Structure formats: C-alpha cells, structure tokens
Amino acid sequence: MTYQFNFGWLAEYLPVLLGGIRVTVQLIVVGAVFGVALGIFCAWARALGPKWLGAIVGAYVEMIRNTPFLIQLFFIFFGLPSLGVQMDELTAANLAMIINLGAYSCEIIRAGIQATAKGQFEAGASLAMSPFQTFRHVVLLPALQRIWPALSSQIVIVMLGSSVVSQIAAEDLTFAANFIQSRNFRAFETYIVSTLIYLALSILLRQVLAWTGRMIFPRRLAR
Amino acid sequence: MTEFSLWDILRNLLLATRWTIVLSLVSFVGGSMVGLVLLFLRIGKGRAGQIFAKGYIELFQGTPLLMQLFLAFFGLGLLGIDVPAWLAAGLALIFWTAAFLAEIWRGCVESIARGQWEASASLGMGYLQQMRYVVLPQAFKIAIPPTVGFSVQVVKGTALTSIIGFVELSKAGTVMTNATFQPFLVYGLVALIYFALCWPLSKSSQLLERKLNVAHRNH
C-alpha cells in the first residue's frame, strides 16, 4: 500500500471539530431531557391514562419505532413546510430527536411502570392520594430506577443516531467532518478522527448517565 | 416538464424497496455468520478471543453507523480499488449487525442457569458437548424474539446507505422529492413503506416473546 496517512490538517481544523462537538452535545442534551420527559408522559398515558389517549400514543410509538430516523428527519424538515410549519435545521434536528427518543423511552418506561407491584397503587390510594399523585410520588421514581440502564443505552443510541442530522445541514460533528474532508481531501483520516470522537462521546455519555442515575436514585431498589 | 401521478411515485419507490430488502437480507445473514464467530470468541475460553470480541463490540456499538459507512466507503478506496456503494454498504452493515447480534446472543447464553452447566458436567460432558446438547438449544429459543426484533434495526439501518450513494428506498425518496417537489407526500409514502416492512417484524417479535414467557411460566 502506497498510501501515506496524514494528520497534519488536524491543528488547522480543530476549531471546526470543536464547533461540531458542541452542536452534537447540545443536540443530545436537549434531546435526552425533553425526549425522556415526553417518554414519561407517553408511558403514563399508555399504562395508566385514558384509553383513547393510550391508543393515540400507541400509534405514535409504533410509527416512530418502525421507520428510520433519517426519514423522520426528512419528513419534519422537508415535508412539514408544505403544511406551513417551517423551522431551521437545528430546531428540526432537535425536534426529530425528541420525537424519536420519546417513542423509544415510552416503551422502556412503560415496562418499568408495569413492573410496579399492585400494592403500591393500593397503598397510594389508601393514603387518599389521587391516581396522579400516586403516580408522581410513589410509582414514577422506582419505575425509572428499574429501567435506568436500558434508558441510558437508548440515549446513547440516539446520540450516535444524531450523526444523521448532518444530512439536513445541521452543523454537528458529522457535518464538521464532511466539511473538513471536502477541504483537505483526507476523507479516511478525517472520518477516523471523528469516529474516535464519537466513541469518546459515547463512553463519556454513559458515565454521565450512570452518575446522573446515582444522583436521582440515591437508594438501592428494594427487591 | 413531466407530471408525476401518485402511482408513478409509488411505483418508483416500490422498485427501490427491492434494494432495501436485498440489502437487509444480506446484512442480516452475513451479520449472523460474523456474529456467531464473535459470540464463540466472546464466550469461549481463549483470553485473546474474548478481548478481541469485546473490543469489536464496544467499537461498533459505540460509534455511529454512518461513520462506519463512511470509513468502509473511503477506507476500501485507499486500497486503490474503485468502491461501489453497494459493497461498502453491505460490508459496513454486516459488521455493524454482527456486533449487536453477538451481544444479544451472549446475553441469551449467559441467561442459561448455572445448574444446567453443572448438571451436564456431572454427566461427564465436555465443553463442546455441553454447548451442543444443553446450552445452545435452550439459548436458541430465548434468542429468537430479540433477534427478530433486531432485524427491524437492520432494515432501518439500510436507510443510511443512501447517504453514501446506494440507491434504495430512502435515496429513491430523495430523488422523487427533487423530481416532484412534493416532500410531504413522498416522505410520507417512504415512511409507510418502511412501516410495512418493519411492523410485521416488530409485532412477531412481541408475539414470540409473549409465547416464550407463557412457555416459561408453565415450567
């Protein structure tokens, strides 16, 4: 092989990479916070909410889980403007990630809620709590704690999936890599570097989520 | 300018769907074979094999599929060959699928109760016999629902190959959008076709899982 690897461009383009990393981190923070919030609401609707709401949420979940993220993104960014809903790339990317994670986390969190012992609901009711209060104060936290590892993996998967938003010109890490390789003609090296950055980000994100879990759930789950 | 009827759009999309299906099948079958090798390295006794498989899985699960596709596309190009998009797409998807399947299957093998290993050892079985007659047949049954479930991820993963220029359903969607200026309709149809491919797989995975749980409860 005569190919000479060359990483000399790295110093020059470091600011571009850092800018890309910043956008990717912003995307996953916003996506995770609002996506999980949406997931909690949807899980409540499916497990405990009124039947009609559960049916609507069910359709939403099935639709999102059975179509590629790329198509969801294109639909939001290119398709919705014809209904008069127009937004910039970053908003569309954020929205697509929230909607996507919302559907996946709904199913994960629902499993946690449904694993709650019946006695917990009854205990809440016997303390004169409304069904919503029981959900909020008794059921939710242990349910989240039970499925926290699965939820964390899903958030990491969504972070990795976010590389696709470069396709609507949202300037994330992949967009930065595409930009750099179009300038330095060192496609392989550029993608190696950005792949390693993604690997580091996913390891870091997993640590952050584990730490967050320990903060939110200080006590061990009673078995 | 040519006018496109709904049928024209749909027909073009369906023609491209063939390539989504072919690529999904190739990735799934190829990924299963590579995944099986990884599985045996991962659960085998060899230290080097374990480390390799663990690193491989970590690497492929910790990086975006899109980056893997780019690396396959431009990396193969370094070897001085002109890389067709289908080759890069197929290879990247096979290696990506293998990592996930190996990890899923490892979970299934490890979920077999310790007593099963001990009982078969006490019958004088060697490692290979234990695997062949006791552990794998049980693990296989448990593995079916999550494996079918993962095939949905493979089908959806093929959408990314449009980005390196492989013409399948997503790429056809983009092409049709550019020709018709009707992104809402075209991407809506594309989504429905993906749904039609994936939903039966998701549903059967759920049903299989329920069946398996019932079978387990009776034991």
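**Exercise 1. Find the residues that Gly124(A) touches, leaving out those up to four places away in sequence.**

Solution. Start with the rule for a contact: two residues touch if their C-beta atoms, placed from the backbone, lie within 7 Å. Setting aside residues up to four places away in sequence, Gly124(A) touches Met129(A), Gln133(A), Thr134(A) and Val138(A). Helices (H or I, at least four residues) and strands (E, at least two) are DSSP runs, numbered from the N terminus.

A word on the model before going on. This is a predicted model, in which local features need pLDDT of at least 70 and side-chain atom pairs count only at pLDDT 80 or more, while totals for chains, interfaces and linings use all residues. Residues are numbered from 1 along each chain as its sequence is written, and chains are lettered from A and ligands numbered from 1 in the order in which they are written.

**Exercise 2. Decide why Gly124(A) counts as partly exposed.**

Solution. Take the cut-offs first: a residue is buried if 20 or more other C-beta atoms (placed from the backbone) lie within 10 Å of its own, exposed if 12 or fewer, and partly exposed in between. Now apply them: Gly124(A) is partly exposed because it has 19 C-beta neighbours inside 10 Å.

**Exercise 3. Compare the make-up of the two chains, A and B.**

Solution. Count the elements: chain A has 8 helices and 0 strands, and chain B has 8 helices and 0 strands. Then look at the dimensions: along the principal axes, the C-alpha trace of chain A spans about 75 × 45 × 30 Å, and the C-alpha atoms of chain B fill a box of roughly 80 × 50 × 20 Å. Finally, check burial: buried residues are 43% of the 223 residues in chain A and 38% of the 219 residues in chain B.

**Exercise 4. Describe the side of chain A that touches chain B.**

Solution. Begin with the totals: 32 residues of chain A are in contact with 30 residues of chain B. The elements giving two or more residues to this side of chain A are its helices H2 (51–65), H3 (69–79), H6 (131–161) and H8 (187–216). H8(A) gives the most, with 10 residues. Sorted by class, this side has 19 nonpolar, 11 polar and 2 charged residues. Here Ala, Val, Leu, Ile, Met, Phe, Trp, Tyr, Cys and Pro count as nonpolar, Asp, Glu, Lys and Arg as charged, and the others, Gly among them, as polar.

**Exercise 5. Name the residues with the most contacts inside the largest nonpolar core.**

Solution. A nonpolar core is a set of buried Ala, Val, Leu, Ile, Met, Phe, Trp, Tyr and Cys residues joined through C-beta atoms within 7 Å. The largest one has 117 residues, and Leu73(A) and Leu69(B) have the most contacts inside it. Helix H4 of chain B (residues 85–110) gives the most to this core, with 15 residues. Among the residues that Leu73(A) touches are Ala92(A), Val164(A) and Ile168(A).

**Exercise 6. Work out how H1(B) and H4(B) meet.**

Solution. The axes of helix H1 (residues 6–43) of chain B and H4(B) come within 6 Å and cross at roughly 45°. Axes are lines fitted to C-alpha atoms, for helices over the stretch in contact, with angles from 0 to 180 degrees between N-to-C directions. Angles under 35 degrees are roughly parallel, over 145 roughly antiparallel, 65 to 115 roughly perpendicular and the rest oblique, so H1(B) is oblique to H4(B).
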